[in-house]
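Thanks for coming, everyone. I'd like to walk you through one model today. Please take a look at the screen.

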Amino acid sequence: MNDTTPQMQDLHRDLLMARSNEERFRMGISMCQTARTIVWSSLPEDLGPTERRVQFFLRYYGDDLPPDRCDEIVAEMRSHDEKTT
């Protein structure tokens, strides 16, 4: 759904592009940090550290990778933690 007029989209883009490269970069980093914080805070607190990392990975990256690749990464995460504990 897009309820923004083309004129407002253009104005928004112009305002963003008027900022310096550094300002735009900092805005992107801030948005990324906020998204990560939201995902971490949405995970159940009663999960162990490994399972919290697995769930974070699946929520943050799971839709961007093929399911079989996600399964490989999750298995590696769990295996790595078993070896280090």
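One definition before we start. A residue is called buried when its relative accessible area is under 20%, exposed when over 50%, and partly exposed in between. Take Y61 as a case: its relative accessible area is 35%, so Y61 is partly exposed. Keep in mind that this is a predicted model.

Now, Y61 has a partner. Which ring pairs with Y61? It is the ring of F57. Their centres are 5.9 Å apart. Their planes sit at 40°, so we call this pair tilted. Both residues belong to helix α3, 4 residues apart, which is about one turn of the helix.

The whole structure holds 4 aromatic pairs. One of them joins W40 and F56. That pair is stacked, with 4.4 Å from centre to centre and 10° between the planes. The two residues are 16 apart in the chain, and the pair links distant parts of it: W40 is in helix α2, F56 in helix α3. W40 has a relative accessible area of 28%, so W40 is partly exposed. F56 comes in at 6%, so F56 is buried.

Helix α2 covers residues 21–42, and helix α3 covers residues 49–61. How do they pack? Their angle is about 130°, and their axes are 10 Å apart. An angle of that kind is why α2 and α3 are described as oblique to each other. Their crossing is right-handed. On the α2 side, the contact is made by C32, A35, R36, V39, W40 and S42. On the α3 side, the contact uses R52, R53, F56, R59, Y60 and Y61. By type, these contact residues are 7 nonpolar, 1 polar and 4 charged.

One last stop: R78. This residue lies in helix α4, residues 67–84. Its relative accessibility is 34%, so R78 counts as partly exposed. Which residues does R78 touch, leaving aside those up to four places away in sequence? They are T50, E51 and V54. Q33 is another matter. R78 and Q33 are 45 residues apart in sequence, and their C-alpha atoms are 25 Å apart in space.

That's the tour. Over to you.

Definitions and conventions
Residues numbered from 1 in each chain as written. Predicted model: local features only at pLDDT ≥ 70, side-chain atom pairs only at ≥ 80, totals over all residues. Heavy atoms only, no water. Axes fitted to C-alpha atoms, helices over the stretch in contact; angles between N-to-C directions. Parallel < 35°, antiparallel > 145°, perpendicular 65-115°, else oblique. Left-handed = near helix turned anticlockwise from the far one by under 90°. Contact = heavy atoms within 4.5 Å. Nonpolar A, V, L, I, M, F, W, Y, C, P; charged D, E, K, R; others polar. Phe/Tyr/Trp six-rings, centres within 6.5 Å; stacked < 30°, edge-to-face > 60°. Buried < 20%, exposed > 50% of the residue type's maximum accessible area, 1.4 Å probe, protein only.
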